Amino acid sequence: MSRPIVISGPSGTGKSTLLKKLFAEYPDVFGFSVSSTTRKPREGEVQGKDYNFTTVEDFQQMINDSKFIEWAQFSGNYYGTSIESVKNVINSGKTCILDIDMQGVKSVKNTDLNARFLFIAPPSIEDLRKRLEGRGTETPESLERRLGAAYAEMEYADSGAHDLVIVNDDLEKAYEEMKKFIFE
């Protein structure tokens, strides 16, 4: 069994874009651990593919039933990686990819998954601010929360918590660095 790959980094650093490229190029090699969330779907997001969208009540029941490898509350919503979603990928024979936040990384480090950890960083906080503003989905309050979380995540990444940190200042370069890490 291949080791799961944990990808983390602040919202807006291009994790989703990089992962879409990876899955398009290697559709039969990797499986995505579909996270559960209580937030509302964004335009174009698909239930069971992008996220498992659920209610706060159901999510809290899953927490009580110890169904998550990791979970966190962020910007008023719950996010989590269920044990079942990771096992589904592993049982399919694919390498499991987890896209999780700093709290999740800390939680996965305390499991027996033997995962490898990759951090995607923005070129700068100012660049990250521009990317988040460009989405048009953030309120001034949510933007500040995301930037505050980004500072904390980047500080954690600076502590050596990840096997590799990639600065996504050029998408193609970042993608090649990500592939090199994953396939080494």
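These legends walk through several close-up views of one predicted model. Local features need pLDDT of at least 70 and side-chain atom pairs count only at pLDDT 80 or more, while totals for chains, interfaces and linings use all residues. Residues are numbered from 1 along each chain as its sequence is written, and side-chain values use heavy atoms, with hydrogens and water left out.

**View 1. The open sheet of 5 strands, in the order β2-β7-β1-β8-β9.** The pairing here is parallel, where two strands count as paired if DSSP finds at least two bridges between them. Strands and helices are DSSP runs numbered from the N terminus (strands: E, at least two residues; helices: H or I, at least four). At the edges sit β2 (30-32) and β9 (164-167), each with a single partner strand, so one side of each has no neighbour in the sheet. On average, neighbouring strands of this sheet are turned by 25 degrees against each other, direction ignored.

**View 2. Strand β1 (residues 5-8) and its pairing with β7 and β8.** Look for Ile5, which stands opposite Ile97 in β7. With β8, β1 pairs in the parallel sense over 4 bridges, and there the bridge partner of Ser8 is Phe119.

**View 3. Strand β8 (residues 116-121), a mostly covered strand.** In β8, 6 of 6 residues are buried, buried being under 20% relative accessible area, exposed over 50% and partly exposed in between (1.4 Å probe, protein chains only). In a regular strand the side chains alternate between the two faces of the sheet. Both faces of β8 are covered: Arg116, Leu118 and Ile120 are buried on one side, and Phe117, Phe119 and Ala121 on the other. β8 also pairs with β9 in the parallel sense, over 4 bridges, and Leu118 stands opposite Leu164 in β9.

**View 4. The open sheet of 4 strands, in the order β4-β3-β6-β5.** Strand β3 (residues 36-37) pairs with β4 in the parallel sense over 2 bridges; Thr37 stands opposite Phe53 in β4. Helix α3 (residues 83-91) lies across β5 and β6 (77-82), running at about 40 degrees to β6. For angles like this, axes are lines fitted to C-alpha atoms (for helices, over the stretch in contact), and values run from 0 to 180 degrees between N-to-C directions.

**View 5. Trp71 in strand β5 (residues 68-74).** Trp71 has 37% relative accessibility, so it counts as partly exposed. Leaving aside residues up to four places away in sequence, Trp71 touches Phe59, Ile63, Tyr78, Tyr79, Gly80 and Gln103, contact being heavy atoms within 4.5 Å. Trp71 and Ser82 are 11 residues apart in sequence and 8.4 Å apart in space, C-alpha to C-alpha.

**View 6. Helix α1 (residues 15-25) packed against helix α7 (residues 171-183).** The axes are 10 Å apart, at an angle of about 60 degrees. α1 and α7 are therefore oblique to each other; on this scale, under 35 degrees is roughly parallel, over 145 roughly antiparallel, 65 to 115 roughly perpendicular, and the rest oblique. α1 passes α7 in a right-handed crossing, right-handed being the case where the near helix is turned clockwise from the far one by less than a right angle, left-handed if anticlockwise. Thr17, Leu18, Lys21, Leu22 and Glu25 in α1 meet a set of α7 residues including Tyr175, Met178 and Ile182. By class, the contact has 7 nonpolar, 1 polar and 4 charged residues. Ala, Val, Leu, Ile, Met, Phe, Trp, Tyr, Cys and Pro count as nonpolar, Asp, Glu, Lys and Arg as charged, and the others, Gly among them, as polar.

**View 7. Helix α6 (residues 140-158) with helix α4 (residues 102-109).** The axes of α4 and α6 come within 10 Å and cross at roughly 35 degrees. Met102, Val105, Lys106 and Lys109 of α4 make the contact with Ala152, Glu153 and Tyr156 of α6. That contact has 4 nonpolar, no polar and 3 charged residues.
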